[in-house]
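Here is a short report for a reader new to this structure. Please look over the sequence and the 3D view first.

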Amino acid sequence: MSDIIVRVQGLSYTYMAGTPLAAMGLQDATLTLRQGEFAALIGAGGSGKSTLVSFLNGLLRPRQEGQVVVFGQDTASPTCDIISLRRYVGLVFQYPHHQFLEQHVGDDIAHGPRQLGLSREEIRERVRWAMEAVGLDFQDFVDRRTFSLSGGEMRRVALAGVLAMKPDLLVLDEATTGLDPRGRAQIHEVLHRLRADRGMTILLVSNDMDEVAELADRVTVLHEGKTVLAGPTREILGKETGLEGYGLAPPITTRVLHALRQADVPIAGTPLTRAEVEEAIWQAMRP
């Protein structure tokens with residue numbers, strides 16, 4: 001059986017189609033996700049990333065051109081069970097307050113599980129588990145007001161609310177934007193743990209090439225609504241040139257290695273993460 005859980009083919013979408021305000025969102029976009037992988041969707045602002053991921057849990061459905069199949073369900077079909085689909089696909093928005101539905105942290109995280117008809121005890125257990133998973137102490141945060149939280153705390157509550165549904169696919173739309181380095185590191189640790197412990201498939205939408213280099217196995221690049229590149233992260237981000245034409249810069253590690261090679265430092269292979277680059281420099285400088 002195929003391990004592909006998401007297949008987007010030839011997807012085009014125009015906002016306010018047929019009106020003077022029509023604007024292209026996607027044009028012949030493609031995307032493939034496999035079970036258990038950590039993938040990234042990258043592109044400059046306005047490239048269509050948020051539009052594309054909105055199709056993965058049925059917020060948008062392919063009514064114009066193209067096909068979106070998620071966990072075996074064709075989302076354009078009238079028989080597609082969107083409610084069921086959203087149990088499998090958890091989407092964390094770029095702006096966490098956009099998905100808050102309750103005044104208090106515990107109630108907000110419990111909102112999704114309540115819709116599943118779970119018992120009071122199981123809901124509470126899911127809330128506790130999700131809060132602990134994102135580094136929020138249950139006793140300290142469960143009764144806090146959602147809009148009294150810091151930006152980093154809001155992002156963790158939003159993530160916990162999605163995790164409480166125990167999705168198989170977690171989609172994070174710019175979910176670490178604006179966080180300080182410590183906050184980003186905490187979210188990264190959570191994501192690594194979810195993948196290791198639960199085998200969760202993760203799709204990270206990001207403009208931060210250094211973040212993508214550290215986290216993702218495979219990358220898809222969008223430009224002006226089109227899929228222009230797709231492949232292993234090392235192959236896509238490990239080149240000094242190739243991304244600039246799409247409004248993106250390679251990660252700092254790639255630029256550092258290019259500068260070292262220009263200075264005739266013998267760097268071997270294609271190291272990409274910070275740890276790999278440090279090791280490669282150490283090896284190159286050894287007598």
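## Helix α4

In this predicted model, helix α4 buries I123, R126, V127, A130, M131 and A133. The buried residues pack against several helices: α3 (105-115), α5 (138-141), α6 and α7.

The length of α4 can be checked. The helix has 14 residues, 120-133, and at 1.5 Å a residue these should span 20 Å. The expected span takes 1.5 Å times one less than the number of residues. The end C-alpha atoms of α4 are 20 Å apart, which agrees. After α4 comes G135, whose phi is positive, near 80 degrees.

## Helix α11

Helix α11 runs over residues 274-285. Its twelve residues should span 16 Å at 1.5 Å a residue. The end C-alpha atoms are 16 Å apart, so expectation and model agree.

Which residues of α11 are buried? They are V277, A280 and A284. These residues cover an arc of only 65 degrees around the axis, which puts them on the same side of α11. The face turned away from the buried side carries A275, E278, W282 and M285, which are exposed. What covers the buried residues of α11 includes α10 (252-262).

## Nonpolar cores

In soluble globular proteins, nonpolar side chains tend to be buried together. The largest nonpolar core here has 50 residues. Within this core, I42, I109, M131, L159, L163, L170 and L237 touch the most other members. Helix α6 (residues 151-163) gives the most to the core, with seven residues. M131 also belongs to the buried residues of α4.

What does I42 touch, leaving aside its neighbours within four places in sequence? The contacts of I42 are K49, S206, M209, V212, V219, T220, V221, L222, L237 and L248. One of these, L237, is also among the core residues that touch the most other members. A second, separate core has 28 residues, including V6, L11, L41 and L169.

## Aromatic pairs

A pair of aromatic rings is described by the distance of the centres and the angle of the planes. The count comes to four aromatic pairs. One of them joins Y13 and Y15. Their ring centres are 4.9 Å apart, and the planes stand at 90 degrees, an edge-to-face pair. Y13 is buried, because its relative accessible area is 15% and the cut-off for buried is under 20%. Y15 is partly exposed, with a relative accessible area of 35%. Y13, Y15 and F55 form one aromatic cluster.

F71 and Y88 make a tilted pair, because their planes are at 35 degrees. Their ring centres are 5.5 Å apart. This pair links distant parts of the chain, 17 residues apart. F71 lies in the loop between β4 (65-70) and β5 (73-74), and Y88 lies in helix α2 (residues 82-88). F71 is partly exposed, with a relative accessible area of 26%. Y88 is also partly exposed, with a relative accessible area of 36%.

## Arginines over rings

Two phenylalanine rings have an arginine over the face. R128 lies over the face of F138, at 4.0 Å from the ring centre. R144 lies over the face of F141, at 4.0 Å from the ring centre.

## Positive phi and a buried histidine

D28 is not a glycine, yet its phi is positive, about 60 degrees. D28 is found in strand β2 (residues 23-34). E224 has a positive phi too, near 50 degrees, and is also a residue other than glycine. E224 sits in the loop between β9 (218-223) and β10 (226-232). Is E224 buried or exposed? E224 is exposed, with a relative accessible area of 52%.

H188 lies in helix α7 (residues 181-198). H188 is buried, with a relative accessible area of 15%. Not counting residues up to four places away in sequence, H188 touches T176, E211 and L215.

Note on methods:
Residues numbered from 1 in each chain as written. Predicted model: local features only at pLDDT ≥ 70, side-chain atom pairs only at ≥ 80, totals over all residues. Heavy atoms only, no water. Helix = DSSP H or I, 4+ residues; strand = E, 2+ residues; numbered from the N terminus. Buried < 20%, exposed > 50% of the residue type's maximum accessible area, 1.4 Å probe, protein only. Arc of directions from axis to C-beta. Contact = heavy atoms within 4.5 Å. Phe/Tyr/Trp six-rings, centres within 6.5 Å; stacked < 30°, edge-to-face > 60°. Lys NZ or Arg CZ within 6 Å of the ring centre and 35° of its normal. Core = buried A, V, L, I, M, F, W, Y, C linked by side-chain atoms within 4.5 Å.
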